[in-house]
Each structure stands twice: as structure tokens, then as C-alpha cells.
Amino acid sequence: MIRPLVIAVDGPAASGKGTIAAGLARVYGLPQLDTGLLYRAVGVAVLAKGGRLDDEGLAAQVAKTLDLTLLDIPAHRTRAAGEAASQVAVHPAVRLALLEAQQAFARQPTGAVIDGRDIGTVIAPNAIAKLFVTASPEVRAQRRWKQLSGQGETVSLAEVLEDIRIRDARDSARDSAPLTRADDAILLDTSRMTIDEAADAARRIVEAARIRSNG
Ligand code: CDP
């Protein structure tokens, strides 16, 4: 029996994984879930309630009652939302509250493209294709700075680079589902690639994985 095509795309902040995941979803006609938006939505909602990001109980409560239809909104794409996301993402109870929805997305008979930090390791360890997308901190900072400036945020490149370094360290050092490359994930370093080149490289990785999985 042919297994549904599930593609796991992991990587650090502003590595290009979201763009790559969206491109793969288009090419293969698959539903896509950007799991970073789940953590962003939790962080933003905790702050909106006047809560603290280190309040694990509150953040888990928010995560359990999250409206999954209201994830992709501009308020979740801000610099502050990214920072809040990475602070609530360290809490095991938050990750547990978000686990089932993500795994259910991965189990769809249509297949799926899912991007995040722990997709190839925790959410969809049996995914047919796993990519670990990365780029140098300087390149990632440049991309994120362009995105935030385009959204009207006032922030310097140096501040964005500092954000990225702090976020990389926090995401990699946490005990619960840290950012790590799955043993069977293919590394895609997009530092010197255009969007089109990265999309092509990602598609070739998925094609090779599909051929392998069909035996
Ligand atoms: O776009 P960017 O990489 O900056 O962020 P994102 O993918 O939207 O994720 C925001 C934060 O959520 C990350 O820094 C992680 O701390 C957390 N996250 C996570 O822990 N696990 C995931 N599967 C996705 C995001």
C-alpha cells in the first residue's frame, strides 16, 4: 500500500522553512500546517490576558482552548509574537496540549506538509520525507529584518540578529522536544540560495525520499 506523503520541515528561526513548506504544499497539492503559529498564538493570547509567559499552567490552558481557525493573522507574525512563542514553547504542558492536533494533521489520508522544530522527531517521526532547513545566523537575520521592516516594524538588523541567537539557544537547549535534526532528515542549507533554488532543492529531496519509500 502506498503511504500518504507526509513531509516534515524543521529548522531554526527565519531559515526559510515556511516558504519551502508552502512551496512543497503547492507542488504536491497537500494541506500545510505551520506549527510555529500554534506557539505564537499561545504566547500572544497569554500576553493578551495579562499573564506571564513563564506561567506554564495558564499557557497550557490557553493551548487547550486555542481556536485553530484563527492562527494565520498579522498579530501572530510580529517580532514580539515570535519571542513570546519561544518562551511558551519550553513548557512541556503546552507542547502536550498541542500534540494531538498536530499529530491528527499528520495522519490525514491526503498526506500533509508540516513545518516547525520537532516535526521529524516528535510529531511525524514516520514522515516519508524529512528536511532540516538552515542558513547562517547573519543570512537569517537579514531575511527576518526584511520581513519585519516590510510589516512596518521598526527594528535594527543588529537587534534581529541578537533575537535569532537568543532564540536558537533557547530552542536548542530546552528539555522538551528541542530543536534537533532527526537522524534521517536531509540538511538543506539555504544561505546561498534564492527562494527558487531552495524550493527546487527541497523538491529534489522529497522526490528522492518518495522513490526510497516506494521501495
Ligand atoms: O518563523 P520563525 O522560525 O521565527 O518562528 P516559528 O516557526 O513561527 O516558531 C516560533 C517559536 O515557536 C520558535 O522559536 C519555537 O520556540 C517555537 N516552536 C516550537 O517549539 N515547536 C514547533 N514545532 C514550532 C515552533
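**Exercise 1.** How are H7 and H8 oriented to each other: roughly parallel, roughly antiparallel, roughly perpendicular or oblique?

*Solution.* The model is a predicted one.
Step 1. Locate the helices. H7 covers residues 137-150, and H8 covers residues 157-173.
Step 2. Take the axes. They come within 8 Å and cross at roughly 120 degrees.
Step 3. Apply the cut-offs. Roughly perpendicular runs from 65 to 115 degrees, and roughly antiparallel needs over 145. H7 and H8 are therefore oblique to each other.
Step 4. The H7 and H8 crossing is right-handed.

**Exercise 2.** Which residues make the contact of H7 with H8?

*Solution.* 
Step 1. Start with H7. Its contributors include Pro-137, Ala-141, Trp-145 and Leu-148. Glu-138, Arg-140, Gln-142 and Arg-144 also take part.
Step 2. Turn to H8. Leu-157, Val-160, Leu-161 and Ile-164 contribute, along with Arg-165, Arg-167 and Asp-168.
Step 3. Sort the contact residues by type. Eight are nonpolar, one is polar and six are charged.

**Exercise 3.** Which members of the largest nonpolar core touch the most other members?

*Solution.* 
Step 1. Size the core. It has 21 residues.
Step 2. Pick out the members with the most contacts to other members. They are Ile-7, Leu-24, Val-113, Leu-131 and Val-206.
Step 3. Find the suppliers. Strands E1 (6-10) and E4 (129-134) and helices H1 (17-28) and H9 (195-213) each give at least two residues. H9 gives the most, with six.
Step 4. Zoom in on Leu-131. Setting aside residues up to four places away in sequence, Leu-131 touches, among others, Ile-7, Val-9, Ile-186, Leu-188, Ile-205 and Val-206.
Step 5. Look elsewhere. A second, separate core has 19 residues, including Val-42, Val-46, Ala-59 and Leu-66.

Conventions: Residues are numbered from 1 along each chain as its sequence is written. This is a predicted model: local features need pLDDT of at least 70, side-chain atom pairs count only at pLDDT 80 or more; totals for chains, interfaces and linings use all residues. Side-chain values use heavy atoms; hydrogens and water are left out. A nonpolar core is a set of buried Ala, Val, Leu, Ile, Met, Phe, Trp, Tyr and Cys residues joined through side-chain atoms within 4.5 Å. Buried means under 20% relative accessible area, exposed over 50%, partly exposed in between (1.4 Å probe, protein chains only). Helices (H or I, at least four residues) and strands (E, at least two) are DSSP runs, numbered from the N terminus. Contact means heavy atoms within 4.5 Å. Axes are lines fitted to C-alpha atoms, for helices over the stretch in contact, and angles run from 0 to 180 degrees between N-to-C directions. Angles under 35 degrees count as roughly parallel, over 145 as roughly antiparallel, 65 to 115 as roughly perpendicular and the rest as oblique. A crossing is left-handed if the near helix is turned anticlockwise from the far one by less than a right angle, and right-handed if clockwise. Ala, Val, Leu, Ile, Met, Phe, Trp, Tyr, Cys and Pro count as nonpolar, Asp, Glu, Lys and Arg as charged, and the others, Gly among them, as polar.
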